[in-house]
Number of protein chains: 2
Amino acid sequence: MTQTPSSVLSSDYPVSERCRLRRNPKRAVTDRAAVHAVLDAGLQCAVGYVFDGEPYVTQTAYWREGERVYWHGSSASQMIRRLKGGIPVCFTASILDGLVFARSGFHHSFNYRSVVAHGIAQEVTQPAEKLARLKAFTDRLAPGRWEEMRPPTEQEMKATTVLALALDEISCKIREGGPVDDADDMDAPIWAGVVPVALVLGTSITDPESRIANAPANCLGTRLG
Amino acid sequence: MTQTPSSVLSSDYPVSERCRLRRNPKRAVTDRAAVHAVLDAGLQCAVGYVFDGEPYVTQTAYWREGERVYWHGSSASQMIRRLKGGIPVCFTASILDGLVFARSGFHHSFNYRSVVAHGIAQEVTQPAEKLARLKAFTDRLAPGRWEEMRPPTEQEMKATTVLALALDEISCKIREGGPVDDADDMDAPIWAGVVPVALVLGTSITDPESRIANAPANCLGTRLG
């Protein structure tokens, strides 16, 4: 799998008919750097596919490198085995940023950043590339930790499958800011505003058998949101 | 839509072939109360369906009442219009609880609680029931706020669609606790443990035009996770 050099890419993603936002098109984001920023802020994705005519969705962790998103899983997992067959996939990542309290029920909303990508996932098979991708995933969660651990065994590599999806057909949507209410409701005697929400790290819990007593900085520095 | 009286339900969900957990079956949860607790802790779901043979996934907010999950949206939304047609849907809700740092890359994991439900969503059409469902959603986010607001107009009700999915065919999976490492790795000089993560509420931001200066307790008491 070769990557298109970013120098030949337009700074905006093209908009396919399937990915054109029909509702609230003003929330659409096409700038590559902005879309990358949303993808890099997220950690969990939902991956949808069709099997036997029925829809299936699996939520899992992902990471982005260049113009691809990646996820991994047990080579024995149903989702992985089905997607390895080269079937269409819908990837979505969505970050919840806030609860928007409006003056009417109707205008309540959420602030969020989301990306949808359509395509066919490809397995990363080349051993060195696969290792590099898994290292990148580890670095996303704990920079430097990969080098602190023993390398994966051949058996572990076989038991793990890495899938890649090119960001060829995407849409990105961001809702931010306060409530947008009807003019007639503005004097309603009710609080209006936003309560931000964010995924945050808590206090680390050291495994009773850990030979190191305290979590190092790289395990506590994960970027979330 | 009548609800099966809970008195005739077994305390466990049945396990369909499609929903049987093949990987890590020890993480499976079938107890209804435990599954309800996971669903009630989540706020965001991913809804997958098939259209023109292709997979689509939409992330949106949901709530649970009894043996159903509900989500809503603009009646003009593509997802809503397609699902109203009565096509199979895969609903997933997943709550990330922690980053699990193991002694090898292979055994790194996430703590999470997740539910998958398959079925056909039904539109809630009866006006009084639809109002009751929307009130329940508001109550889930801000108990008591529904009564503080003007009632929805007929036009707003028309512009909003509520969908229900019966929890007839579900699977639920919970991963909790610390890393599970290979015996040979236990002495590795590397920190092992869990960094909890949680979605938390931040400091409220009052709309500049709000007639009430401070967010009331019910807007700040949303249960997340």
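Predicted model: local features only at pLDDT ≥ 70, side-chain atom pairs only at ≥ 80, totals over all residues.
The secondary structure of chain A comes to six helices and 10 strands, and strand 4, which spans residues 88–101, takes part in several of the pairings described below. With strand 5, made up of residues 109–120, strand 4 of chain A pairs in the antiparallel sense over 12 bridges. Strand 1 of chain A is likewise antiparallel to strand 4 of chain A, and here the pairing extends over five bridges; within it, V47(A) has F91(A) of strand 4 as its bridge partner. A further antiparallel pairing, of four bridges, joins strand 4 of chain A to strand 9 of chain A, which comprises residues 193–201, and G98(A) is found opposite P196(A) of strand 9. Of the 14 residues of strand 4 of chain A, 13 are buried, so this strand is largely enclosed by the rest of the structure.

Considered as a whole, chain A has 225 residues, of which 38% count as buried, and its C-alpha atoms fill a box of roughly 65 × 50 × 40 Å when the box is taken along the principal axes. When the contacts in chain A with a separation of 6 or more are considered, 71% of them are accounted for by residues 24 or more positions apart.

The largest nonpolar core of the model contains 110 residues, and those with the most contacts inside it are V47, F101 and V115 of chain A together with V47, F101 and V115 of chain B. V47(A), one of these residues, is also the bridge partner of F91(A) noted above. The surroundings of V115(B) can be listed in detail: leaving aside residues up to four places away in sequence, V115(B) touches V35(B), V38(B), L39(B), T92(B), A93(B), I170(B) and C172(B).

The relation between the two chains was examined next. Chain B can be laid on chain A with an RMSD of 0.0 Å by a turn of 180° and a shift of 0.0 Å along the axis, and the two copies are thus related as by a two-fold rotation axis. The same surface serves both copies, since 100% of the contact residues of chain B recur in chain A. Among the residues of chain B, L199(B) comes closest to the rotation axis, its C-alpha atom lying at 2.0 Å.

In the interface itself, 74 residues of chain B are in contact with 74 residues of chain A. The element that gives the most to the side of chain B that touches chain A is strand 9 of chain B, residues 193–201, with nine residues. By residue type, that side of chain B divides into 44 nonpolar, 20 polar and 10 charged residues. Strand pairing also crosses from one chain to the other, for two bridges join strand 10 of chain A, residues 205–206, to strand 9 of chain B, and these two strands run antiparallel. In this pairing, T206(A) has G193(B) of strand 9 as its bridge partner.

Two local features remain to be described. D52(A) has a positive phi, near 55°, although it is a residue other than glycine, and its place is in the loop between strand 1 (44–51) and strand 2 (54–65) of chain A. D52(A) is exposed, because 7 other C-beta atoms lie within 10 Å of its own, whereas a residue counts as exposed with 12 or fewer. In chain B, D52(B) also has a positive phi, of about 55°, without being a glycine; D52(B) lies in the loop between strand 1 and strand 2 of chain B and, with 7 C-beta neighbours inside 10 Å, counts as exposed.

Because L21(B) has 17 C-beta neighbours inside 10 Å, it counts as partly exposed. Although L21(B) and K173(B) are 152 residues apart along the chain, their C-alpha atoms are separated by 8.3 Å. Not counting residues up to four places away in sequence, L21(B) touches R27(B), A28(B), S171(B) and K173(B).

Technical notes: Residues numbered from 1 in each chain as written. Chains lettered and ligands numbered in written order. Core = buried A, V, L, I, M, F, W, Y, C linked by C-beta atoms within 7 Å. Buried ≥ 20, exposed ≤ 12 C-beta atoms within 10 Å, placed from the backbone. Contact = placed C-beta atoms within 7 Å. Nonpolar A, V, L, I, M, F, W, Y, C, P; charged D, E, K, R; others polar. Pairing = 2+ DSSP bridges. Least-squares fit on C-alpha atoms with pLDDT ≥ 70 in both.
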